[in-house]
Every structure is written in structure tokens, then in C-alpha cells.
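Please examine the sequence and the model shown below before reading further. The explanation is intended to be followed with both in view.

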Amino acid sequence: MMEGLLSEIYEKVKVGERISREEGIKLFHSNDLLTIAEIANLVRQRLNGNNVYYIINLHINYTNVCQNKCSFCAYSRDEGANGAFTLTIDQIMEKAAGCRQMGVREIHIVGGLNPKLPFEYYLEMLKRLHLAFPEICLQAFTAVEIYHIAQTANLGIEEVLTQLKEVGLSSIPGGGAEVFSSRVRNQICPKKIDGRTWLKVMETAHNLRIKSNATMLYGHIETIEERVDHLLALRELQDKTKGFKSFIPLPYHPTNTELGGEGTTGYEDLKTLAISRILLDNFAHIKAFWIMLGIKLAQISLSFGVDDLDGTVFEEKIAHSAGAQTPQALTVQQIKRLIIETGRLPVERDTLYNLY
Ligand code: SF4
């Protein structure tokens with residue numbers, strides 16, 4: 001038997017009506033997880049039918065030197081510290097060398113904010129990768145990195161994005177969004193661009209016809225209301241630009257971080273994925289990043305509104321620095337098996353959701 005409020009939300013979502021902030025908050029306070037899943041699946045089914053998308057992709061983390069020192073981050077290092085690294089462009093090319101043989105359709109590139117790297121480094125990286133692999137999408141540099149590159153180069157965001165696009169940038173990853181609330185950011189990432197600037201970078205990219213993803217790092221110090229407000233800010237920008245492809249909720253991993261505390265639970269992860277699916281009615285895709293969720297939970301999330309399992313993710317470093325216990329890559333066979341077992345259809349895609 002459905003709770004009164006949830007049955008009202010169910011009826012609304014069934015006829016394609018948008019739910020409000022208050023309803024989003026109430027969903028988070030409900031413990032009727034299976035009904036929340038049922039509502040999320042109405043949206044998922046409407047947008048994606050039986051399809052579950054995956055991509056063969058390679059992650060390249062070009063540097064872990066970062067000036068920001070976010071307290072939830074286990075990845076960044078000071079320049080010269082033990083374990084600090086910055087790849088040369090030749091080293092990046094070496095990492096990408098086997099791409100074609102592996103059938104890679106996307107190279108996903110993110111790194112720290114290394115003040116020593118000039119704009120030319122980023123341009124050359126994309127230019128050489130694009131020349132070597134013109135058929136592979138380059139999804140590179142979060143909004144936080146784009147802003148940092150612009151500051152270092154003393155250029156505007158639009159100019160930086162235009163030049164990066166000219167040398168091969170296909171799309172922007174969704175990282176660095178964390179939770180937009182300034183209360184939260186002041187505590188966990190005071191040096192990072194604020195939520196409004198993150199959204200502005202994305203809006204500028206979308207206006208230049210550069211698509212992007214969006215994320216939310218949850219399960220640290222944020223309140224339910226702050227989570228919902230984050231989702232609504234994304235929904236509002238998406239109404240305006242339609243430039244977001246997918247939304248990826250990222251559970252906080254405390255291992256090796258200054259912030260510490262406890263990690264999220266499976267219950268909270270599934271609930272957050274499902275409510276994201278319900279609130280973000282204008283996002284085509286909700287993605288479970290199996291690297292951070294764990295493979296088994298990512299598979300179960302397909303019954304909680306998720307329609308995308310990301311990909312093979314060869315070489316991921318950032319989540320593993322924070323204690324992610326998952327392997328560093330899955331094979332296509334493994335991903336397909338996860339999907340087929342749930343009765344859904346595995347569909348290979350590229351960065352821009354062209355299907356294969
Ligand atoms: S989360 Fe990103 S910006 Fe923050 S310290 Fe880590 S690498 Fe730097």
C-alpha cells in the first residue's frame with residue numbers, strides 16, 4: 001500500500017507532471033524505497049525504454065598536483081610531494097596508444113589544478129589526441145579545470161572553451177559540482193569555484209554547443225534540502241540550455257581524506273539515484289558510476305531509475321585514491337552480463353549518445 005504523499009507523487013509523475021522542491025524533500029524523508037524506485041522507473045521507462053547504455057572508455061588523469069586542497073579529496077598532492085605526478089604530452093599519448101585496438105570510443109580526461117601548466121599544455125594534449133584518434137570523443141576538463149585554465153591564461157571562459165573545441169574537445173565531464181550550497185562549499189572546498197560559477201561555465205559551454213554531464217557528490221556534510229536545491233539548480237539550467245547529457249550522483253568515499261567521517265550506505269545510494277531520476281525530469285540519462293558505487297549496487301540501481309552504467313573505465317585513479325574497492329576496469333562482456341541479467345538491453349554508445 002503506497003503512502004498518501006507517495007501516491008500523489010506517483011500520479012503526478014505518471015502523467016508527466018514535474019514535482020516540487022517540497023515533494024523532493026519528502027521523498028528523501030520517506031523510507032518506502034521500493035515505491036520511490038517504482039516512481040523513478042516510470043521516468044526511466046518513458047525516456048529510455050528497455051535500454052541500458054555503456055561506453056568503452058579510457059580515463060586519463062594527467063596530474064594530481066592541485067592548489068585547491070578540498071578536504072574530501074584523497075587524490076591531490078602538493079608539487080614535489082611523495083606520489084605527485086604530472087604527465088607529459090608524450091606520456092599521455094603512450095597511455096592512449098592502445099585505444100583503437102581496445103575499441104575505445106571516449107577518452108575521459110580530468111586532473112588537478114596545477115598552476116604550472118600553461119594553456120598550451122591543454123591545447124597540445126587535445127590537439128595531438130584528436131589528430132591521432134579523430135574518431136574518438138575527447139571528454140575533457142571539468143568546469144573547475146576550465147575556470148582554472150582561463151585564470152592561468154588570463155582569458156575568458158568562452159575564449160578558452162572555443163579554443164579547446166577547435167582542437168578537439170567534444171564534451172565536458174560533470175565533476176567539480178559537489179553540492180552547490182555555499183555553506184557546504186565553504187567547509188569542504190573553500191578554494192573551489194562557487195556553485196554559481198560552475199553553472200556559468202556549463203551554460204557558456206552549452207551555448208557554444210559543447211555538451212556536458214553533471215554530478216553531485218553526496219553523503220558528507222550536506223543536508224537533504226541542500227541536495228534537493230542542487231538538483232533543482234541543475235534542472236533549471238537544463239530547461240534553459242538542454243546541454244546536459246547525463247546526471248551522475250557520486251557517493252562520498254572518506255578513506256584517506258582530511259574530511260573523514262563515514263561513507264554512504266547502499267540504501268542511501270539507491271534512494272539518491274532514484275530521487276535524482278524523478279526530480280531531473282529533463283535529463284535524458286541517470287548514470288551509475290560503478291567505480292564509486294560498487295559493481296553489485298550499480299547493477300541493482302538499474303531497478304532504481306538508472307539507465308547508464310558508464311563504461312570500461314580503463315585506468316581510473318581518483319576514486320581509487322579515496323578507497324574505492326572496485327577493479328580498475330570492467331570488460332564489455334562483464335558490463336553486458338550485468339545488464340542482461342536484469343532483463344534489459346545493453347546498448348553501446350559514444351560520449352554524445354550516438355548508438356552502436
Ligand atoms: S577535488 Fe579536484 S579541485 Fe579539489 S583538491 Fe581534489 S583535485 Fe583539486
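The paragraphs below treat the sheets, a pair of helices, a single residue and the ligand in turn.

The model is predicted: local features need pLDDT of at least 70, side-chain atom pairs count only at pLDDT 80 or more, and totals for chains, interfaces and linings use all residues. Residues are numbered from 1 along each chain as its sequence is written.

We begin with the strands. Helices (H or I, at least four residues) and strands (E, at least two) are DSSP runs, numbered from the N terminus, and two strands pair if DSSP finds at least two bridges between them.

Strand S1 (residues 51-55) is joined to S10 by four bridges, and the two run parallel. Within this pairing, Tyr53 has Val347 of S10 as its bridge partner, while the bridge partner of Tyr54 in S10 is Glu348. Towards S9, S1 forms two bridges, again running parallel, and Tyr53 stands opposite Asp308 in S9. In a regular strand, the side chains alternate between the two faces of the sheet. Four of the five residues of S1 are buried, so S1 is largely enclosed by the rest of the structure. A residue is called buried if 20 or more other C-beta atoms lie within 10 Å of its own, exposed if 12 or fewer do, and partly exposed in between, with C-beta atoms placed from the backbone.

A further open sheet has seven strands in the order S2-S3-S4-S5-S6-S7-S8, with parallel pairing. Its edge strands are strand S2 (57-61) and strand S8 (285-286), each of which pairs on one side only. Five bridges connect S2 with strand S3 (residues 106-110), and these strands run parallel; in S3, Ile107 is the bridge partner of Leu58.

The helices come next. Two packed helices are described by the angle between their axes and the distance between the axes. For helix H4 (residues 89-96) and helix H6 (residues 119-132), the axes come within 10 Å and cross at roughly 35°. In their contact (C-beta atoms, placed from the backbone, within 7 Å), Ile89, Ile92, Met93 and Ala96 of H4 meet Glu124, Met125, Arg128, Leu129 and Ala132 of H6. The contact comprises seven nonpolar, no polar and two charged residues. Ala, Val, Leu, Ile, Met, Phe, Trp, Tyr, Cys and Pro count as nonpolar, Asp, Glu, Lys and Arg as charged, and the others, Gly among them, as polar.

Finally, the residues surrounding the ligand include Cys66, Asn68, Lys69, Tyr75 and Cys189; a residue is near a molecule if its C-beta atom, placed from the backbone, lies within 6 Å of it. This shell divides into seven nonpolar, three polar and two charged residues.

Definitions and conventions: Axes are lines fitted to C-alpha atoms, for helices over the stretch in contact, and angles run from 0 to 180 degrees between N-to-C directions. Two residues are in contact if their C-beta atoms, placed from the backbone, lie within 7 Å.
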